[in-house]
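Trainee: Could you walk me through this one? I'd like to know where the labels come from.

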Amino acid sequence: MKLHKLFCAALVAATAFALAPAQAREYKPEYKLSIVVGTTFPWGQGAVIWSDLVRERTNGRINIKVYPGTSLVQGDQTREFTAIRQGVIDMAVGSTINWSPQVKQLNLFSLPFLMPDYAAIDALVQGEVGKELFKVIEKAGVVPLAWGENGYRQLSNSRRVISKPEDMKGMKLRVVGSPLYIDTFTALGANPTQMSWADAQPALASGAVDGQENPLSIYTGAKLYDVAQKYLTLWNYVADPLVFVVNREVWESWSEEDRKIVREAALEAAKKEIAIARKGVTPEDPSLLKEIESHGVTITTLNEDQHKAFVEATKPVYEKWKPRVGNELVDLAEKSIAARNK
Ligand code: X2X
């Protein structure tokens, strides 16, 4: 009897021992990585760089396939975060805007005129704020690894030059999936309508909407000047960072060594992606603006007074959303920006 018990216990232990590492090392033949735009955009290039680095450095143990157009959630980018959490999507390089319906703190970057320059964006994502937000994302069930960048979102339309809020009156504008954008554009007197990026392009082409807001890399990459978007206002009112993430179960299924490879590759890819995203659109290198002008686009930059008018008109929106984002987090962001290295 005693011997039999001992035998059973040994068998159980042996089985557990044999199973545990086997389970831990069960890798999928392919990991699905979601992005909203195509792989030629800076955002997509970042995803490709990450995937290639990981495939090389893991000798193909981790084989990532990039799915553009948020196709894993039928183009509905506001469902991307939930799909990552649930494991429908294994990995993603996602915009903070698209995940903000589930992670309300990510609305921080959409507070109008919070970040006056690139140094301000860097001060947030590479500083305390970035760390705090990673904790929040982690708590929501997704493993964040690195910050990338979509960019400053500029305003384009097919109707007229916009240099003051009154110019936007009644203009039908496509906006992204956070209600904060509806508030901002309503405060400016426009008529905002929310739709996915997949739906936005045909809506612009048919004239169902007059305008939209997106970083210049997306404006040019999608050739929006060819769908009558001939008026462009550079107002730097918000910028959306990107986050390189992995589903938690997938992350935990990888060996310690492979996690290290994936994390380091994400940091490297994100750094390169930010450099690509800023190419041609900074005060030091405005070459992309020249290219845009060559397509017959009128580019408007705001002088100090014009800028002020937009800030004033959207101030109530900032105040309304500050407590929704979290007063402490917004205070920390304001402090970090005030202390930035210019
Ligand atoms: O939908 C957009 O405007 C885009 C592509 O910029 C995002 O996914 C936030």
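**Helices, domains and a salt bridge**

Mentor: Let's start with helix H6 (residues 128-139) and helix H14 (residues 327-338), which pack at an angle of about 155 degrees with their axes 9 Å apart. This is a predicted model, where local features need pLDDT of at least 70, side-chain atom pairs count only at pLDDT 80 or more, and totals for chains, interfaces and linings use all residues. Residues are numbered from 1 along each chain as its sequence is written, and side-chain values use heavy atoms, with hydrogens and water left out.

Trainee: Why are H6 and H14 called roughly antiparallel?

Mentor: Angles run from 0 to 180 degrees between N-to-C directions, with axes fitted to C-alpha atoms, for helices over the stretch in contact. Under 35 degrees counts as roughly parallel, over 145 as roughly antiparallel, 65 to 115 as roughly perpendicular, and the rest as oblique. The angle here is about 155 degrees, so H6 and H14 are roughly antiparallel to each other.

Trainee: And what makes H13 roughly perpendicular to H14?

Mentor: The axes of helix H13 (residues 304-325) and H14 cross at roughly 110 degrees and come within 6 Å. That angle therefore makes H13 roughly perpendicular to H14.

Trainee: Which residues of H6 and H14 meet?

Mentor: Contact means heavy atoms within 4.5 Å. Glu128, Val129, Glu132 and Leu133 in H6 meet Leu329, Leu332, Ala333 and Ser336 in H14. These divide into five nonpolar, one polar and two charged; Ala, Val, Leu, Ile, Met, Phe, Trp, Tyr, Cys and Pro count as nonpolar, Asp, Glu, Lys and Arg as charged, and the others, Gly among them, as polar.

Trainee: What are the domains?

Mentor: The domain assignment gives domain 1 (29-150 + 241-278) and domain 2 (154-238 + 282-338). Their centres, taken over C-alpha atoms, are 23 Å apart.

Trainee: How much area is buried between domain 1 and domain 2?

Mentor: About 2900 Å², with carbon and sulfur atoms giving 74% of that. Buried area is the accessible area (1.4 Å probe) that two parts lose on being put together, summed over both.

Trainee: What makes Glu149 and Arg278 a salt bridge?

Mentor: The term needs a side-chain nitrogen of Lys or Arg within 4 Å of a carboxyl oxygen of Asp or Glu. For Glu149 and Arg278 the closest N and O atoms are 2.7 Å apart, and the pair forms a salt bridge. Glu149 sits in strand E4 (residues 142-152) and Arg278 in helix H11 (residues 256-278), 129 residues apart.

Definitions and conventions:
Helices (H or I, at least four residues) and strands (E, at least two) are DSSP runs, numbered from the N terminus. Domain bounds come from an automatic or database domain assignment.
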